[in-house]
Amino acid sequence: MCTLSWYSDKSGYHVFFNRDEQRSRQAARPPEVVKHDDCKVVMPVDPVGRGSWLAANDFGLTIALINYYQGTVDKSKTAEQLRSRGEIVKKLSNCESLDEFTQRLRLLTLGDYAPFTLVCFDTSSMALDENTIETLSDEKKAKHVKAYRWDGRSFQEISSAASPLISSGFELEKVSANRAQHFAEQIGLNDDVCGVSIHRQLHGSHLPDKSAYSICMHRDDAKTVSFSHVQVSKDHTIFEYTDGSPCESKKVHVVRLDRQSNNSSNLGQKSAVA
């Protein structure tokens, strides 16, 4: 139960993520900077699986994972025998490029995990210019975004992956149709209207009402428990994390990570605003 959206321009890319979970699930730890070999990574941490659903590093790479509830789970394994999907994000969070990410992902024993969709973003193929927000062509966008799905039986690249991607274990078709409709209505087919404010507004919206179908999701047993916005440019990565439903919470954590190519000794700068 999640909504992932993104857009890119010549200054870099933005990733937006609503994490939907059971109300009874233990709250995640806000994003923190950790050292992973020679790479610095910023990510929130799920205390249950000890992994994450979203991570960004100082190479300019961002990895996002959403569950694929419509897949097939290996019935020969108990829930305890399956490994946390968030572990995959943590394992691959120090990749330097999309190519390395793809190669290492293909080496994993995916049968150890329940079905998932994994999306990776990078700036290595982008000619970045901080002075312009001109949007990129579809061809250039495709070069810095890779999406893969493990459905429990087969592993494949999603060549046509487009924003938004939606996950739900409850009435997926209706949930997806409603959320995608409101993205289309607000953003349309014209990339010129894409922007941070529009995406943030959508991720906190209750169209057509505050329910299981809205992007900011609310059910008796589950809700949107956090909202993340990752901004990556040629110089830095900024991870902004709203701890709680974006329509309600004002507890925001912001982590800035300088790009390794510009300052390999960066230790990350962390701040929290309540």
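Predicted model: local features only at pLDDT ≥ 70, side-chain atom pairs only at ≥ 80, totals over all residues.
Q: What space lies in it?
A: The second largest pocket holds about 480 Å³. It is lined by 22 residues, of which Arg-25, Asn-67, Ser-84, Arg-85 and Gly-86 are the closest to its centre.

Q: Changing topic, where is Asn-94?
A: Asn-94 is in the loop between α1 (86–92) and α2 (98–106).

Q: Is Asn-94 buried or exposed?
A: Asn-94 counts as buried, because its relative accessibility is 10% and the cut-off for buried is under 20%.

Q: Which side chains make polar contacts with its side chain?
A: The side chain of Asn-94 makes a polar contact with that of Asp-37 at 2.9 Å, and another with that of Arg-104, also at 2.9 Å.

Q: And what is Asn-94 in contact with, leaving aside neighbours within four places in sequence?
A: Asn-94 is then in contact with His-36, Asp-37, Cys-39, Asn-57, Phe-59, Glu-100 and Arg-104.

Q: Turning to α2, which residues are buried there?
A: Leu-98, Phe-101, Thr-102 and Leu-105 are buried in α2. They lie on the same side of the helix, because they cover an arc of only 95 degrees around its axis.

Q: Why would residues three or four places apart point the same way?
A: An α-helix has 3.6 residues a turn, so residues at that spacing point the same way.

Q: What is exposed on the other side of α2?
A: Asp-99 and Gln-103 are exposed there.

Q: Now α5: which of its residues are buried?
A: In α5 (residues 196–203), the buried residues are His-199, Leu-202 and His-203. Their arc around the axis is only 95 degrees, which puts them on the same side of α5. Ser-197 and Gln-201 are exposed on the face turned away from that buried side.

Q: What do the buried residues of α5 pack against?
A: They pack against β1 (2–9), β2, α4 (172–187) and β11 (222–232).

Q: Lastly, how many helices and strands does the chain have?
A: The chain has 5 helices and 14 strands. Of its 274 residues, 49% count as buried.

Conventions:
Residues numbered from 1 in each chain as written. Heavy atoms only, no water. 1 Å grid on protein atoms, 1.4 Å probe; cavity = no way out; pocket = protein on both sides within 12 Å on 5 of 7 lines; lining within 4 Å. Points joined across faces, edges and corners; volume = space filled by probe spheres on them. Helix = DSSP H or I, 4+ residues; strand = E, 2+ residues; numbered from the N terminus. Buried < 20%, exposed > 50% of the residue type's maximum accessible area, 1.4 Å probe, protein only. Polar contact = N/O pair within 3.5 Å; in protein donor to acceptor, adjacent residues only side chain to side chain. Contact = heavy atoms within 4.5 Å. Arc of directions from axis to C-beta.
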